[in-house]
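Take a walk through this protein with the structure open beside the text.

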Amino acid sequence: MAAADAYYVTTPIYYVNDSPHIGHAYTTLACDALARFMRLDGKLVRFLTGTDEHGQKVDKAATDKGMTAQAFTDEVSTRFRELARAMNFSHDDFIRTTEERHKLAVQALWDHLVAAGDIYLGAYAGWYSVRDEAFYAEKELVGGNAPTGAPVEWVEEPSYFFKLSAWQDRLLDYYDRHLDFVLPQARFNEVKSFVKGGLQDLSVSRTTFDWGVPVPGDPDHVMYVWLDALTNYIAALGYPDTEGAYETFWPADLHVVGKDILRFHAVYWPAFLMSAGLEPPVRVFAHGWWTKDGQKMSKSLGNIIDPYALIDTYGLDQTRYFLLREVPFGNDGDFSHEAMVRRTNSDLANDYGNLAQRVLSMIARNCDGRVPEPGTYAAEDEALLDASGALLDGCREAMAVPAPHRALEQIWSVISAANRYVDAQAPWTLRKTDPSRMVTVLYTLAETLRRLAILTQPFMPASSSRLLDLLAVPQGERDFKRLAGDAAGPLPGTALPKPEGIFPRYEEVAA
């Protein structure tokens with residue numbers, strides 16, 4: 001059982017048959033926001049990502065490029081690390097399935113499955129999709145292809161099998177006892193329907209290629225790529241050693257995956273784990289896919305979204321904010337330039353950025369550039385402070401799902417309230433009519449900004465850090481403990497740096 005204050009979140013490990021795209025960035029971004037949020041909330045966090053480097057598809061991609069599989073995976077894995085740096089991800093570990101620690105873990109898990117009586121030697125004859133690295137029953141094919149549209153080929157070869165059929169009732173019982181094991185619920189319903197439809201034993205080894213982890217005691221076989229890949233989540237914790245990091249962090253609090261690989265994580269993975277006497281993860285969350293201007297992204301259409309292009313065009317934190325805010329997490333979403341510009345200019349530049357600029361500029365002009373000393377709060381001041389003070393609990397509830405879009409919606413409701421408060425209180429008028437009241441209004445706004453900046457750190461870390469710098473908040477006073485109870489706000493008299501803009505507007509470049 002994991003430690004009470006521990007939080008373990010994982011991305012799927014990404015298949016290295018091609019370069020990373022917006023889908024990879026989106027999944028890891030969601031996990032990054034969660035990891036940052038939980039760290040700020042005092043949790044001991046482990047955030048894992050990495051690359052899945054074995055299997056027939058990788059072997060073929062390497063051959064097509066005239067490279068060895070190892071050289072090919074070394075090259076492509078590096079691209080995923082570079083994307084993580086470009087997106088300012090805060091992962092604690094990056095695992096590769098070609099690492100020795102991973103191979104040891106996979107072979108140890110295999111031995112446990114054998115000892116449990118759930119592995120037997122037979123022969124596989126059926127449909128296999130190299131692109132999906134998945135086996136499909138005849139009834140699942142659509143127009144002669146996999147349900148994903150990928151081509152399939154008939155495969156006949158000796159194979160070890162996992163007795164997945166024996167786990168049907170036990171999986172359904174587990175689902176009944178863990179009602180939030182898979183989210184969103186619509187996806188969980190699909191998983192349960194699939195299991196209720198009957199499970200076939202799963203081919204878990206291949207002999208027609210050798211790019212994989214050898215089966216213990218039978219090196220003519222390499223392990224099926226999904227049994228191999230899924231084990232990364234415990235390999236990164238030191239398994240088969242079940243003390244240390246494993247004892248602290250397992251079971252994982254959350255596996256975030258794309259909806260296309262949910263079956264592997266919600267059916268095969270818990271069955272493997274329970275067979276080996278290990279606990280399944282607490283939750284698997286399946287998010288949706290991004291389209292571009294209403295069309296599915298594909299190389300043939302030339303509409304693949306390059307994350308680097310988004311960063312270069314709109315800015316890093318603007319890209320992070322858009323991806324987390326635009327679409328309810330779990331749903332499919334559509335990317336368009338117009339939507340991106342709208343979020344950048346309306347939400348960030350006009351709402352959040354303008355609020356910060358106005359407040360800090362008024363303090364600079366009217367309070368000698370120092371945090372003002374508030375007087376007695378009026379009802380309007382207390383209402384705004386209460387609203388910003390209530391944000392932490394609301395954000396905790398949203399991020400526990402996870403629903404980062406809901407957390408951001410709540411934060412923006414307070415940003416909007418603060419902008420209305422500025423207009424209603426009109427501190428520029430109070431300067432002449434009631435200077436002491438002006439000071440209290442500006443302090444109320446500075447404290448609201450401080451709370452907002454602390455809470456937006458998981459989503460837009462660099463911009464939030466700059467705003468906290470402008471508010472002269474010390475580095476050691478930026479976690480969520482500074483939002484709770486009677487935590488002190490800005491210290492009156494503290495000198496503030498010269499105000500500067502945080503979120504520039506996006507301006508179209510003339511052709």
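Where does proline 402 lie? Proline 402 sits in the loop between α15 (391–399) and α16. The peptide bond that leads from valine 401 into proline 402 is cis, with omega near 5 degrees.

A word on the ground rules. This is a predicted model, in which local features need pLDDT of at least 70, side-chain atom pairs count only at pLDDT 80 or more, and totals for chains, interfaces and linings use all residues. Residues are numbered from 1 along each chain as its sequence is written, and side-chain values use heavy atoms, with hydrogens and water left out.

Now the whole chain. The protein chain holds 19 helices and 17 strands. Both are DSSP runs numbered from the N terminus: helices are H or I with at least four residues, strands are E with at least two. Along the principal axes, the C-alpha atoms fill a box of roughly 90 × 55 × 40 Å.

Of the 511 residues, 56% are buried. Buried means under 20% relative accessible area, exposed means over 50%, and partly exposed is in between (1.4 Å probe, protein chains only). The accessible surface of the chain comes to about 20,900 Å², and carbon and sulfur atoms hold 50% of that surface. These areas come from the Shrake-Rupley method with a 1.4 Å probe; for residues, only the protein chains shown count as cover.

Contacts reach across the sequence. Take those between residues at least 6 apart in sequence: 77% of them join residues at least 24 apart. Contact means heavy atoms within 4.5 Å.

Return to α16. This helix (residues 404–425) has 22 residues and reaches 32 Å from its first C-alpha to its last, close to the 32 Å expected at 1.5 Å a residue. The expected span is 1.5 Å times one less than the number of residues. After α16 comes alanine 426, in the loop between α16 and α17 (427–433). The phi of alanine 426 is near 45 degrees, a positive value in a residue other than glycine. Alanine 426 counts as buried because its relative accessibility is 14%.

Alanine 472 also belongs on the tour. Its phi is near 60 degrees, again positive in a residue other than glycine. Alanine 472 is placed in the segment after α19 (461–470). With a relative accessible area of 28%, alanine 472 is partly exposed.

Move back to helix α4 (residues 100–115). Its 16 residues should span 22 Å at 1.5 Å a residue; the end C-alpha atoms are 23 Å apart, which agrees. Which residues of α4 are buried? They are His102, Ala105, Val106, Ala108, Leu109, Trp110 and Leu113. Glycine 117 follows α4, with a positive phi near 80 degrees.

Serine 77 lies in helix α3 (residues 69–86). At 1% relative accessibility, serine 77 counts as buried. Beyond its neighbours within four places in sequence, serine 77 is in contact with Val16, Thr51, Glu53, Phe94 and Arg96. Serine 77 and aspartate 317 are 240 residues apart in sequence and 24 Å apart in space, C-alpha to C-alpha.

Arginine 343 is found in helix α13 (residues 337–366). Is arginine 343 buried or exposed? It counts as buried, because its relative accessibility is 19%. Leaving aside neighbours within four places in sequence, arginine 343 is in contact with Tyr321, Phe322, Arg325, Glu326 and Leu348.

Proline 184 lies in the loop between β8 (182–183) and α6 (185–196).
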